[in-house]
Amino acid sequence: MSLLGKIFSRGPKPVIAKSRYITIEDAKMASFTKKTAGQGYGMNMRPDVYYIVASVELGNTTTKCILTATNLNTSRTYLLDKTVKMTRDIRPPKKGEKVFGETVWHVELTKESVSEMVRDTIFESVKRSKIDIEKDLDFVVRSTGVTAGFASPKEVGELIIALADGCLDAGIPPRKMAPAMSIDSFPEKLKDFTLIEKVMFDGAVVSVLPPTGKAVVANEMEGELVTGGIKVGAKWTNVDYRNPCVSIDFGTTLAGRITNSEEPYARTIGNFCGLAGGVSDAIIRGTEKVDKRGGAALDLYNKDILKKANWKLAEEYAQRAHEHLDIGRVPENRERFGTVPVDAKAAYDAGTTLIGCDVGKNGDKIPKLTELGHEIYAESGIHTLFATLDHVSAMIVKRLLDEAFAEGVIEEGSALGVTGRAGITGRKPELILNYSKDCFNNTLFVSDALAMGAAVMARCMNSIGTPHIPIGGKQGGPCILGQRRKLQKKKGMI
């Protein structure tokens, strides 16, 4: 049997939570969740109600509006629409506009250009899904992975404002972007599902507290969302992905968290930062078949791209690529790692370990990866090149986790969750699982985790919970509503 055959035939298969779609008509016509033996919501069945959230994401490579609908009886989240545009297509700055940052690939951003891109993406998504913003949409969550071109984590706030302006320009009312203050602020359909009169939102999202009062990595919110999103995605599987857990998001930049098992809220004891999919993008540009100003591996990817790959040779190429990667604990004196702004001192003062992936120092060896990509393509073709990318990503995961275990920040019994285009496509899940199966109780791969995280963040901010199907808390444990109430009463919050 070939080396690849041995790898992919032994042991468990990857557990992958793929996005499932419904239409707005399905959501509106839903009556009651089918009751099965041993399952119920009390003596009386409640009609199904869907909580509809828009996740508006501006990333280094893609800009998205993803509309989700969560069944508040089952806690399962579906997609209504996924509209994706290339961030490199944001128009250039006009005369008089202030450039406040740029993507990792040096696409300049202004408040006006970002707002226009966001507005147009929302318009397209709303049109395709056939939702009514006023009647159907319940909440909007804005997020960004574009952090490399900013001077500090604080400056990301300017981009969040630009995202908000784009939402307003698309006709989204401000009240749908801020948490409700009382039960009177909720539409009738949601009043039976909110717990706002019993518990308040105190900053914890899906029972995890952020590292400290200030951002320690510029894309902190992205890590928060994907952690919550993987927990939501796990509801489509048999995996109990609750605390303690490790989340890794392979967008262009690297994000994710390591949580402990404290209750009612786990602490973020580790953060990932730096470059992730940007490594693969740098290699793929060596083919000269993608845009030099934002070309990505996904531009050339298709389902048959790996069929003729030489996997043994691909692994050798991946080892060579990793010679240029610096993966480890972020030094306390660094203000950037993998081009991403960090506040390492604040992180370590808060008891949070930063683990990053860089190409050289702040990406200065990215051209070396592009040269290697050219060599691989010329010598072995596109199929082996994409197999190389699978090995590169899997080896990044291995090195990140090896460092985290060496630092002692992963609790025994933790579950691992991976998301992002450079972490779940191709045969990356099989390669990652081949390593992680001996280190974690469960490993889960989730598509669209950031959007799923936006859906659950919106619920947390509005105290819309499902105590009978808890998403937060510890693995194997019950809902933490009682513990939260006890803690908030003790602090005089309720």
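In the predicted model, Thr194 is in contact with Ile183, Phe186, Asn462, Ser463 and Ile464, neighbours within four places in sequence being left aside. Thr194 is located in the loop that runs between helix H5 (188-191) and strand S8 (208-209). With a relative accessibility of 9%, Thr194 falls below the 20% limit and therefore counts as buried. Two polar contacts involve the side chain of this residue. A polar atom of the Thr194 side chain lies 3.1 Å from the backbone nitrogen of Ile196, and the side chain of Thr194 also reaches the backbone oxygen of Ser463, at 3.4 Å. Ser182, which is twelve residues from Thr194 in sequence, is 9.9 Å from Thr194 in space, C-alpha to C-alpha.

Helix H8 was examined next. H8 spans residues 311-322, twelve residues in total. From its first C-alpha to its last, H8 reaches 16 Å, close to the 16 Å expected at 1.5 Å a residue. The N-terminal end of H8 is capped by Asn310, a side-chain oxygen of which lies 3.3 Å from the backbone nitrogen of Lys312. Within the helix, the buried residues are Trp311, Ala314, Tyr317, Ala318, Ala321 and His322. These residues lie on the same side of H8, because the arc they cover around the axis is only 140 degrees. In an α-helix, residues three or four places apart point the same way, because there are 3.6 residues a turn.

Aromatic side chains were then considered. The count of aromatic pairs comes to four. In one of them, the ring centres of Tyr301 and Phe386 are 6.1 Å apart and the ring planes stand at 50 degrees, so the pair is classed as tilted. The pair links distant parts of the chain, since Tyr301 belongs to the loop between helix H7 (277-284) and H8, whereas Phe386 belongs to helix H10 (residues 366-407), 85 residues apart. Tyr301 has a relative accessibility of 34% and so counts as partly exposed, while Phe386, with a relative accessible area of 4%, is buried. Elsewhere, Tyr50, Tyr78 and Trp236 are linked into a cluster by ring pairs.

Aromatic rings also face charged side chains. Arg285 lies over the face of Trp105, at 3.8 Å from the ring centre. The ring of Tyr348 has the charged end of Arg329 over it, 4.1 Å from the centre of the ring.

Terms used:
Residues are numbered from 1 along each chain as its sequence is written. This is a predicted model: local features need pLDDT of at least 70, side-chain atom pairs count only at pLDDT 80 or more; totals for chains, interfaces and linings use all residues. Side-chain values use heavy atoms; hydrogens and water are left out. Helices (H or I, at least four residues) and strands (E, at least two) are DSSP runs, numbered from the N terminus. The expected span of a helix is 1.5 Å times one less than its number of residues. Buried means under 20% relative accessible area, exposed over 50%, partly exposed in between (1.4 Å probe, protein chains only). The arc is that of the directions from the helix axis to the C-beta atoms. A polar contact is a pair of N or O atoms within 3.5 Å; within protein, one must be able to donate a hydrogen and the other to accept it, and residues adjacent in sequence count only if both atoms are side-chain atoms. Rings of Phe, Tyr and Trp (its six-membered ring) pair if their centres lie within 6.5 Å; planes under 30 degrees apart count as stacked, over 60 as edge-to-face and the rest as tilted. A charge sits over a ring if NZ of Lys or CZ of Arg is within 6 Å of the ring centre and within 35 degrees of the ring normal. Contact means heavy atoms within 4.5 Å.
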